[in-house]
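Please consult the sequence and the structure as the questions proceed.

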Amino acid sequence: MDFKDYFILHAKKHPSIMPQDVAKFCYQAALGAEHLLADLAAARRYFDAEFERVEERQGDLVEFLTDELCRVDLGVWKSRGLPKEALFDAFVESASVKNGGREVLGCYLNDAEACFGELELNFSLDEWRAFLERYAEAGMPAVHHSEAYREHEKPSYRVVRRTILDKII
């Protein structure tokens with residue numbers, strides 16, 4: 001599969017997706033989660049707190065961003081009784097691997113936009129382009145999920161490389 005295929009699957013699975021959620025998906029696909037490891041101790045505290053409060057749930061353990069990167073659902077991980085330490089270690093190891101970079105991020109943003117015609121979205125192409133202009137002016141930083149996405153999708157995951165995940169599950 002290519003990036004567009006993964007993005008279409010994601011957008012269909014998560015109908016509350018908004019422009020910043022598209023940007024987040026593209027950012028993670030291109031850059032992984034390296035930005036979260038500037039302070040490893042803080043990343044650990046945040047992970048532990050999130051893991052403790054996340055409710056166990058059934059569903060897909062992983063959602064792919066690319067052939068190499070996926071989001072591992074903490075609630076599903078927890079419900080399967082998988083070791084918390086192994087997931088955090090996989091996240092840290094994955095985040096330390098260099099990914100595609102800003103040029104790839106730009107390509108993924110364009111690829112996502114090219115898919116909009118195949119999707120029913122809660123925003124217009126004009127709203128997307130206005131967001132994208134502001135996002136580019138800000139330097140295309142890592143962003144949080146939109147309020148709508150957080151409310152409806154209840155995201156709780158870590159970005160992990162497939163090869164690293166395959167070693168532990």
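Q: At what angle do helix H2 and helix H7 pack, and how is H2 oriented to H7?
A: In this predicted model, where local features need pLDDT of at least 70, side-chain atom pairs count only at pLDDT 80 or more, and totals for chains, interfaces and linings use all residues, H2 covers residues 19-31 and H7 residues 125-137. Helices (H or I, at least four residues) and strands (E, at least two) are DSSP runs numbered from the N terminus, and axes are lines fitted to C-alpha atoms, for helices over the stretch in contact, with angles from 0 to 180 degrees between N-to-C directions. The axes of H2 and H7 are 9 Å apart and the packing angle is about 55 degrees. Angles under 35 degrees count as roughly parallel, over 145 as roughly antiparallel, 65 to 115 as roughly perpendicular and the rest as oblique, so H2 is to H7 oblique.

Q: Which residues of H7 meet H2, and how do the residues of this contact divide?
A: Contact means heavy atoms within 4.5 Å; residues are numbered from 1 along each chain as its sequence is written, and side-chain values use heavy atoms, with hydrogens and water left out. From H2, the residues Pro19, Gln20, Val22, Ala23 and Tyr27 meet Trp128, Phe131 and Tyr135 in H7. With Ala, Val, Leu, Ile, Met, Phe, Trp, Tyr, Cys and Pro counted as nonpolar, Asp, Glu, Lys and Arg as charged, and the others, Gly among them, as polar, the contact of H2 with H7 comprises seven nonpolar, one polar and no charged.

Q: How is H3 oriented to H5, and how many charged residues does their contact hold?
A: The axes of H3 (residues 40-53) and H5 (residues 84-95) come within 11 Å and cross at roughly 140 degrees. That angle makes H3 oblique to H5. Leu40, Ala43, Arg44, Phe47, Asp48, Phe51 and Glu52 of H3 meet Lys84, Glu85, Leu87, Phe88 and Val92 of H5. The residues of this contact divide into seven nonpolar and no polar, and the charged residues number five.

Q: Is Leu61 buried or exposed?
A: Leu61 lies in the loop between H3 and strand S1 (62-64). Leaving aside neighbours within four places in sequence, Leu61 is in contact with Arg71, Val72, Asp73, Val76, Trp77, Arg80, Leu82 and Ile169. Its relative accessible area is 8%; since buried means under 20%, exposed over 50% and partly exposed in between (1.4 Å probe, protein chains only), Leu61 is buried.
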